[in-house]
Amino acid sequence: MKKGLILKILVIIFTMLSIFILSSHYVQASSLSDAIGGADDFVQAGVQDKSPAISEDNLQGMSDMLYTALLVIATIVAIIVGLVIAIQFMTGSVGERAKIKETLIPYIAGCIVIFGAFGIWKLVVNILKQAQ
């Protein structure tokens, strides 16, 4: 019953958005010559502006900020999950300890993948920086 209701709501929302998107067309040119003139002005503005769209300094700063933020989040999550597993291991019975040992393999593999990806990311960025 809930799946059917959710599906009906999604269909109604999709239909309303489709009607809204299809019915909202605005024309800013009063004639064909105005539209062509505006397009020519747009092309000329792009030809005259020779500055790069994205500066290297901004791109490097954003990459460093994103790398640092994601690394901090990944480290915090890995530490918290590791602490939870350790506490469960210390307080668990013999049967629970066996199950917890089974969860260590995916945990360690996940840590290797996450921190390996960050290492590869930093290595690629440093290689590309030196190649300039």
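**Helices and aromatic rings**

The crossing of α3 and α4 is left-handed. In this predicted model, helix α3 covers residues 56-91 and helix α4 covers residues 94-131. Two packed helices are described by the angle between their axes and the distance between the axes. Here the axes come within 11 Å and cross at roughly 165 degrees. Helix α3 is therefore roughly antiparallel to α4, because an angle over 145 degrees counts as such. The residues in the contact of α3 with α4 comprise 19 nonpolar, six polar and five charged ones.

The aromatic rings may be considered next. A pair of aromatic rings is described by the distance of the centres and the angle of the planes. The structure contains three aromatic pairs. In one of them, the ring centres of Tyr-67 and Trp-121 are 5.3 Å apart and the planes stand at 90 degrees, so this pair is edge-to-face.

Trp-121, with a relative accessible area of 25%, is partly exposed.

Trp-121 also pairs with Phe-118. The centres of these rings lie 6.2 Å apart and their planes meet at 15 degrees, so the pair is stacked. Phe-118 and Trp-121 are three residues apart in helix α4, which means that about one helical turn separates them. Phe-118 has a relative accessible area of 9% and is therefore buried. Tyr-67, Phe-118 and Trp-121 form one aromatic cluster.

Charged side chains also meet aromatic rings in this model. Lys-122 lies over the face of Tyr-67, at 4.8 Å from the ring centre; Tyr-67 is the residue whose ring pairs edge-to-face with that of Trp-121. Elsewhere, the charged end of Arg-97 sits over the ring of Phe-89, 5.2 Å from the centre of that ring.

Finally, the chain may be viewed as a whole. Its secondary structure consists of four helices and zero strands, and along the sequence the pattern reads α-α-α-α. The protein chain has 132 residues, of which 8% count as buried.

Note on methods:
Residues numbered from 1 in each chain as written. Predicted model: local features only at pLDDT ≥ 70, side-chain atom pairs only at ≥ 80, totals over all residues. Heavy atoms only, no water. Axes fitted to C-alpha atoms, helices over the stretch in contact; angles between N-to-C directions. Helix = DSSP H or I, 4+ residues; strand = E, 2+ residues; numbered from the N terminus. Parallel < 35°, antiparallel > 145°, perpendicular 65-115°, else oblique. Left-handed = near helix turned anticlockwise from the far one by under 90°. Nonpolar A, V, L, I, M, F, W, Y, C, P; charged D, E, K, R; others polar. Phe/Tyr/Trp six-rings, centres within 6.5 Å; stacked < 30°, edge-to-face > 60°. Buried < 20%, exposed > 50% of the residue type's maximum accessible area, 1.4 Å probe, protein only. Lys NZ or Arg CZ within 6 Å of the ring centre and 35° of its normal.
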